[in-house]
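Morning, everyone. Sequence and structure are coming up now.

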Amino acid sequence: MNIEELLSQRINLPQIKDIVSWASGDPDNLSRLWDFVRSGDRLTSLNALWAMTHLPQSDSEWLWSLRDSMIDLLLDETDTGKKRMLLQLLRAQEYDIDSIRTDFLDFCMSKINSECEPYAIRCFCIYAAFSMCRHYPELLAELEQHLEMLSYQSLSPGLKSALRQTTAKIRKLKD
């Protein structure tokens, strides 16, 4: 299977699953998949990210090792599809007290109420921001303010769900 050729075309979910089978558990193939994410070809990059969002839990440690690189890529990215998938990957990660990047947290906080951003990006930013803020009461209070402002906007079902779930998690932490 010529992965680069496959990634450079329009593909579907069964093909994504084939790519995941090829890459999962193999450090060399996973590294090649990450190289394709940074390709200059938009479709190749998007498809590689799409495949990464389907990697099994067994590859989560490898994904965690790329966190800083993914954040760097996200902060410079202008393509909304790539931003959404990078945020999807970053949302699924755990953030310890010592592993919080303030530039990423600031990015997430700034997108929560940005009506210029697609709903999915805003939702993933809410979830990622909570994962980082939960360690610090003052940051949690700031997130609460952003969520309160969000509640005055017209929201999609996904944003309503993210708001409701995150607000419930904050309440639970305070108890």
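A helix here is a DSSP run of H or I, at least four residues long, and helices are numbered from the N terminus. Keep in mind that this is a predicted model.

First spot: Ala-51. This residue lies in helix α4, residues 42-52. Buried or exposed? Ala-51 is at 0% relative accessibility, so it counts as buried; the cut-off is under 20%. What does Ala-51 touch? Leaving aside residues up to four places away in sequence, the list is Ile-16, Ile-19, Val-20 and Leu-33. Now look at Asp-18. Along the chain, Asp-18 and Ala-51 are 33 residues apart. Their C-alpha atoms are separated by 9.1 Å.

Start with Asp-72 and Arg-101. Their side chains meet in a salt bridge, at 2.7 Å from N to O. This pair links distant parts of the chain, 29 residues apart. Asp-72 is in helix α6, residues 67-76. Arg-101 is in the loop between α7 (80-91) and α8 (102-112). On accessibility, Asp-72 has a relative accessible area of 39%, so it is partly exposed. Arg-101 has 19%, and buried means under 20%, so Arg-101 is buried.

Arg-101 has another partner, Asp-103. In that salt bridge the closest N and O atoms are 2.7 Å apart. Asp-103 counts as partly exposed because its relative accessibility is 33%. Now put the partners together. Salt bridges that share partners join Asp-68, Asp-72, Arg-101 and Asp-103 into one network.

One further pair: Glu-117 and Lys-111. They form a salt bridge, with the closest N and O atoms 3.3 Å apart. Glu-117 and Lys-111 are both buried.

Which helix holds Thr-166? Helix α11, residues 157-174. Thr-166 counts as buried, because its relative accessibility is 1%. Next, its side chain. A polar atom there lies 2.8 Å from the backbone oxygen of Ala-162. And the contacts? Again leaving aside residues up to four places away in sequence, Thr-166 touches Ile-126, Tyr-127, Phe-130, Leu-143 and Leu-147.

To recap. Ala-51 is buried in this predicted model, and so is Thr-166. Arg-101 pairs with Asp-72 and with Asp-103. Over to you.

Methods. Residues are numbered from 1 along each chain as its sequence is written. This is a predicted model: local features need pLDDT of at least 70, side-chain atom pairs count only at pLDDT 80 or more; totals for chains, interfaces and linings use all residues. Side-chain values use heavy atoms; hydrogens and water are left out. Helices (H or I, at least four residues) and strands (E, at least two) are DSSP runs, numbered from the N terminus. Buried means under 20% relative accessible area, exposed over 50%, partly exposed in between (1.4 Å probe, protein chains only). Contact means heavy atoms within 4.5 Å. A salt bridge is a side-chain nitrogen of Lys or Arg within 4 Å of a carboxyl oxygen of Asp or Glu. A polar contact is a pair of N or O atoms within 3.5 Å; within protein, one must be able to donate a hydrogen and the other to accept it, and residues adjacent in sequence count only if both atoms are side-chain atoms.
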